[in-house]
Amino acid sequence: MFTVLILFTPRLTCSPITEETWPFFLALQQHPDVMRYVADARSEQEIREAFDARLAPWSPGSRHWLCLLVRDTATNEPLGVTGYIHREDDCAEVGFLFAPAAQGKGYGQESLNALCDYAFSEGGIRKLTATVTAGNHASRHLLEKTGFILEGELRESYWLGGRWHNDWLFGLLRHEYDEKR
């Protein structure tokens with residue numbers, strides 16, 4: 001059974017993307033500063049295919065991305081997207097992208113904490129992971145502030161910008177998150 005998942009924090013509302021989210025999603029995916037460590041420039045059609053794959057109804061255990069639009073509750077302004085995808089039954093990879101104007105204001109950590117709370121308490125997740133292109137210190141700092149631990153580095157693992165990059169691998173176990181809270 002699919003239910004609509006909405007997460008609330010003191011400042012944010014995180015709800016599934018909808019067709020109306022497309023212009024914001026496209027703008028994020030086309031912004032060079034947002035995508036610097038994520039992906040090379042893609043065509044609008046490729047971005048649309050990624051967007052459409054995230055529109056399907058989601059419930060714990062779904063094999064496609066849970067993609068939540070992060071909005072400022074007071075203004076309803078879209079700030080970014082966050083979510084996770086199951087890699088195993090009880091293990092999922094988190095991801096997030098925020099508009100440049102929303103970065104550095106704590107929205108990423110606030111929404112990631114809400115996502116972790118949900119994943120560990122209701123989503124049946126034992127471990128969350130994250131893969132970050134080496135050099136993306138803002139994402140690394142956000143993950144570490146949330147409790148993720150650097151578990152390793154894969155050398156020359158990701159082709160981006162015409163050259164190979166290392167990937168940082170992060171993990172957060174449910175009991176570690178519970179202990180930190």
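Predicted model: local features only at pLDDT ≥ 70, side-chain atom pairs only at ≥ 80, totals over all residues.
**Surface patch.** On the surface, Val4, Ile6 and Phe8 together form a nonpolar patch with about 340 Å² of accessible area. Phe8, one of these residues, belongs to strand β1, which spans residues 7-8. With a relative accessible area of 61%, Phe8 is exposed, because the cut-off for an exposed residue is over 50%.

**Helix α5.** Helix α5 covers residues 137-146, and Ser139, Leu142, Leu143 and Thr146 are buried within it. These residues lie on the same side of α5, because they cover an arc of only 95° around the axis. The packing partners of the buried residues of α5 are the strands β5 (91-98), β6 (127-133) and β8 (163-173), together with the helices α4 (107-121) and α6 (174-180). Just after α5 comes Gly147, with a positive phi of about 115°.

Asn76 is placed in the loop between β3 (66-72) and β4 (78-88), whereas Glu156 lies within strand β7, residues 149-160. Asn76 is partly exposed at a relative accessible area of 48%, while Glu156 counts as exposed at 55%. The two residues fall into separate classes because exposed means over 50% relative accessible area.

| Residue | Phi |
|---|---|
| Gly147 | about 115° |

Definitions and conventions. Residues numbered from 1 in each chain as written. Heavy atoms only, no water. Patch = residues over 30% accessible without salt bridge, like charges linked within 9 Å, V, L, I, M, F, W, Y side chains within 5 Å. Areas by Shrake-Rupley, 256 points an atom, 1.4 Å probe, with all protein chains shown as cover. Salt bridge = Lys/Arg side-chain N within 4 Å of Asp/Glu carboxyl O. Helix = DSSP H or I, 4+ residues; strand = E, 2+ residues; numbered from the N terminus. Buried < 20%, exposed > 50% of the residue type's maximum accessible area, 1.4 Å probe, protein only. Arc of directions from axis to C-beta. Contact = heavy atoms within 4.5 Å.
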